Structures are given as structure tokens and as C-alpha cells.
Amino acid sequence: MPVVLRPAGLSREDVVAVARDGAEVVLSDEAIAAMAATRAHVDAMAASDEPVYGISTGFGGLATTHIPADQRARLQRSLIASHAAGMGAPVEPEVVRAMILLRARTMASGITGARPDLAKSLLALLEGELPEVPEFGSLGCSGDLAPLAHVAAALPLPLEAKEGLALINGTDGMLGMLVLACGDLSRLLRTADVTAAMSVEGLLGTDRAFAADLTVLRPHPGQQVSAANLRKLLEASPIVASHRTGDARVQDAYSLRCVPQVHGAARDALSFAEACADRELASAIDNPVVLPDGRVESVGNFHGAPLAHACDLLAIVVADVASMSERRIDRFLDASRSQGLPPFLAHEPGVDSGLMIGQYTAAALVAECKRLAAPASVDSIPTSAMQEDHVSMGWAAARKLRTALAHLNKVLAIELVTAARGIDLRAPLLPARGTAAAVRALRAGGVPGPGPDRALSPELEAAARLVVGGAILTAVEQEVGPLG
């Protein structure tokens, strides 16, 4: 089904459908009417000598400069040309598609004063070759100016009064990346519960700490969800049952016992970020805004602080979940802590190194996640002759979050490979239905089980593709039902 732009906002599902799945986008009649109504006000102001920011004045630190009527169309063209000043590698196509959709969505609200034809021209970019948007240039205040200017520069339609501003004064880049990140992290947290459950089995841990009557003593909602997932994944596990009595250990290590507390806290942070994204998707971001009664008002809604804070919070969460996963990987490989498994899960320890260096890779990825967890939103650098003296760095926060999520995907893939080998080495004991489904999907996906050393990198990359593509999660949920 096409995504329909109306004066009201979009859902996160709409953004993902367009950005990743190539869904069609159409303007509704209501949106066209709303745009036409405020456009009439802009046309009247453009013909007047009254100073109105961005219509008859310059921008930013040049806001007090009067622009003659015969130069106002040129003003908009010059704005796009001068602001398309980004540098660096191009951002991913899905980010560009999200930006295009979200800028058109704000135009559809009517508050930008742009013509319906401009929104249609913008949406037409989704049907052909996408503009190239460099990675660096946005400070996340006055919107994602440089990235959006690179999108606007690809339009063949001549711009009229106010339309240059309408194309670039939005939070669309950072919002698009936050929406995509929320979906990715939701999938990765469910996958993390799967790999953690596999580690509990492979390391002969217990499921008693995940009991409902124990976890409810601390009623954080995310913790309840994660604990319920672990109970579902480990239900009737022969491996867990094999040492339920007669085991001298009275507690598991924190990386096993405290999974619901850490993964649950991550879910609660994600819920906050999703609510932030939903509110922004219901917003209309431009400056100045054109109201239905004809007023044109300067506002600060383009400031990306809400999105920057949400992205920074999620980057912290990603680092923590990845760090806990790496500790479980390491525990498998240490013969003094792995409850009888061979050193490094090697076929013939000494001759074979097993998964030793897989943990090195996980450690390197986690170290990078920790560096990426340093907040971008506290690092304001003033711009535009001190007119823009406090900026959000929301674009930077979103960019580093995307990188951190890619790292978490790889760390979980390494835990998947490690835990599956540990489970195989517990034979003839069998895993639970849910974890067994994960092992089968891994083996079917090109990652063989225990054996003599071979090139490990291709197996880790194959596992990472199964995680990012959702194949592992799908296989598990087909067996035990949806995870929370």
C-alpha cells in the first residue's frame, strides 16, 4: 500500500516502508489544499516591502539584510547552492530516502508555505537516482541544513519565495536515522535475548533467576519483557534440567543472571526514544512557519535536542548490551569458567585455537561502541556569527548510533556462533526448542559446528548477515511464538 501524506504526521512503520522497502508515496487532497492555502499568504508577503525572515531578508547572521523583490527568487536558489556544503562519504540510500519523505511530510502539513508542486518534485526523487548526500555538514540546528540542501540541489523545479528554507529547515535526517535505529535496536534486543538464552544453556546456567515471581519484585517494564523471553526460550530445556539438582554453584555470573535487568533497561530506553520519534513524526518543522491565519512566525522547533538526546541515550544502551554479550563470549572460551568445555572451544586445543580470536574481534567492537557512547549532544559549537550559538549535534549523534548498532549486530553474531558451538559440545544433552531453532538456522545459513580450525571470518560474517536480516529471530519465533 502507498504511504499517503496528509497534514497530520506519519508512523515509524511508514518511514521504514519508504526508506527500506521502497513504498510509493502520494500527496493527499487535504495536503494539497493545506499547502495551497498557506502558499497564498507567502505570495502576498513576497510582493510586499514588509520585512519577513527568509522571504524578504537574508538568513542566519544576515537576517537583518533587506532583499529587494526582484532578488527574492535568487535568494532561494543561492540558499540551496551555498548550503550544499557537505563533505565526506555519502550517507546510506535509506537515510536519503527517509530525509526526502520526511521533508515532503512537513510540506504536506502546510506550515512551510511551499507549493504542492515542490512537494511533488521532491517525492519524484524517490522514483529515480537518489541525490548524493555527504556525511558531514549538519550540526542538527536550524535543521539538517547541509544534508537537506544536497537533496534540494537535485530538484529541477525553479524555487519561489520561501521555498529554499522550506526544503532545508528540518530535522529530517536525524529523525529518519532515529526511526530506523529504533527498529534495528528492537530486533537486536530480541536477538540478544536469544543469544543470551543460548549462552545460559551452553554454560550450564540456570533459568531460576528469570522466574516471574522474582522479576516482578522489580517491576521495570522492560525487565519483565526480557525475563519472559528468556523463560519462553529456555522452557523445558534438557540442558538446563540436567544440572538443576546437585550443582554446587549457588549463583550464575552477572552476565547470565542479570540479562533481564540489562536488556530490560535497554528496552525502557528504547521506549523513550520511540516516544520521542513518534512526537517528532507528529510535528511540523520549519522556520519561519506560515500559519493558516497568515501569520509568519520565527520559531525554534528546528533545534534537534530531543532527537540528539534520544540518539545519545541509545548509543549508551548499545554499548552496554554489547559489553555484556562479549563477557558471555569470553566465559565460553575460558576453560576455568566454562563448566567443562574445551579451552577456546577448540577441536584439539593447542593445535587448534578454536574461537579464541573471535573474542578479540568482539572486544574490539565493544571498545569502539564504548567510544561511540560518548554523547554528541553536549558538544555545541556556535555558528553563523553567533546567531546560532547553541546547536544540538543531533546528526552526529544519529550517525554514531548507526555505527554502534552495526557493531552490536556483529558482537551478537559472535555470541551466536560461540554459544551454538558450546551447545553442540554439550551433546547428547539437547537444548530447548527456541534455542535449538537458532542453532539450526545458523547451521543452515552456512556456519558449521565444532571441528578443526578453519577461516573464521567468513563464518562470523555469515552469522552477522543472519542477525541483521532477521533470519535467526524468525526461526526462533516460528518455533516458540513472538518475543517481546
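Me: What is the relative accessibility of Glu160?
Reply: This is a predicted model: local features need pLDDT of at least 70 and side-chain atom pairs pLDDT 80 or more, while totals for chains, interfaces and linings use all residues. Residues are numbered from 1 along each chain as its sequence is written, and side-chain values use heavy atoms, without hydrogens or water. Buried means under 20% relative accessible area, exposed over 50%, partly exposed in between (1.4 Å probe, protein chains only). Glu160 counts as partly exposed, at 33%.

Me: Which residue pairs with Glu160 in a salt bridge?
Reply: A salt bridge puts a side-chain nitrogen of Lys or Arg within 4 Å of a carboxyl oxygen of Asp or Glu. Here the N to O distance is 3.7 Å, and the partner of Glu160 is Arg39.

Me: How many residues apart in sequence are the parts tied by Glu160 and Arg39?
Reply: Helices are DSSP runs (H or I, at least four residues), numbered from the N terminus. Glu160 sits in the loop between α6 (145-152) and α7 (163-168), and Arg39 in helix α2 (residues 29-46), so the sequence separation is 121 residues.

Me: Is Arg39 buried or exposed?
Reply: Its relative accessible area is 5%. Under the cut-off, Arg39 is therefore buried.

Me: Which helix holds the salt-bridge partner of Arg103?
Reply: Arg103 bridges to Asp172, with the closest N and O atoms 2.6 Å apart. Arg103 belongs to helix α4 (residues 93-108), and Asp172 to helix α8 (residues 172-202).

Me: What is the relative accessible area of Asp172?
Reply: Asp172 is buried. The value is 1%.

Terms used:
Helices (H or I, at least four residues) and strands (E, at least two) are DSSP runs, numbered from the N terminus.
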